[in-house]
Amino acid sequence: MTATTVREQEEYRALRATVRERGTARANLFVAGFVAWGALAVATATLTSIPVASLLPLVVLAAVFEAVYALHVGVERIGRYIQVFHESGDQAAWERTAMAFGRPKGAAVADALFSVPFLLATLFNMMPPLIAQPTPAEIVFVVGAHALFVVRLAVARAATARQRAIDLERFRELKPD
C-alpha cells in the first residue's frame, strides 16, 4: 500500500473491511436464500396444483441471485479501486497480486455467483408444475419464465468474466495523473 496520509490509510482499511464483509455476506445470503427458496418450493408443490404457482419460488430464487450478483460486482469493483488508487509501482500488493495470480492450470475454481446451484434449483423448481399436467399455455408460461432466469444466469456469468478488466481500465481513466 502506498497510502501516505491518514485519510488514505483509513480509506484503504475501510475498503478492505468492506470486501471482507461483503464476501461473507454473499455466502451467507446464498445459503439463507436457498433455504428460503427450498421451503417455498416444497410448500408450493405440496399445497397447490396450479403450475404457475412455481413462479413464486422462482421469483425468490431470482431475487437471491440478484443480491448475490450485486454483492459480487461491488466487491470486484472495490478491489479494482484499491488496485488503482492504493497500489502503485513495483510494490507487491493484495489486489494486483490476486488479479495476476488468476486461475492457474489445474487449480480449484470457485464460482462466486453460485451459478451451478442456481441452475439446478431452477430445473428442480420447474419439475412440479410439469408433473401437474399443465395446459400448453401454462407450459409455455412456466418454462418461459424459468428459461428467462437461465438466460439471466448466463448473461451475468459472461459479464462477470469481463468485469475486472473493464473496471480496472475505467478506474485507470478516472485516476488523475
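## Arg16 in helix H1

Leaving out residues up to four places away in sequence, Arg16 touches Ile82, Trp94 and Glu95 (contact means heavy atoms within 4.5 Å). Arg16 lies in helix H1; helices are DSSP runs of H or I, at least four residues, numbered from the N terminus. Between Arg16 and Gly79 there are 8.2 Å in space, C-alpha to C-alpha, although they are 63 residues apart in sequence.

The model is predicted, so local features need pLDDT of at least 70 and side-chain atom pairs count only at pLDDT 80 or more, while totals for chains, interfaces and linings use all residues. Residues are numbered from 1 along each chain as its sequence is written, and side-chain values use heavy atoms, without hydrogens and water.

## Arg26 in helix H1

Helix H1 (residues 6–47) also holds Arg26. With neighbours within four places in sequence set aside, Arg26 is in contact with Val68, Leu71, His72, Ala112 and Phe114.

Arg26 is buried (under 20% relative accessible area, 1.4 Å probe, protein chains only). Arg26 has no salt bridge (a side-chain nitrogen of Lys or Arg within 4 Å of a carboxyl oxygen of Asp or Glu). The nearest side chain of opposite charge, Glu76, is 6.3 Å away; Lys and Arg count as positive, Asp and Glu as negative, and His and the chain ends are not counted.

## Helices H4 and H5

Helix H4 (residues 115–131) packs with helix H5 (residues 136–174) at an angle of about 180°, their axes 10 Å apart. H4 is therefore roughly antiparallel to H5 (angles over 145 degrees). Axes are lines fitted to C-alpha atoms over the stretch in contact, and angles run from 0 to 180 degrees between N-to-C directions.

Notes: Helices (H or I, at least four residues) and strands (E, at least two) are DSSP runs, numbered from the N terminus. Angles under 35 degrees count as roughly parallel, over 145 as roughly antiparallel, 65 to 115 as roughly perpendicular and the rest as oblique. Buried means under 20% relative accessible area, exposed over 50%, partly exposed in between (1.4 Å probe, protein chains only).
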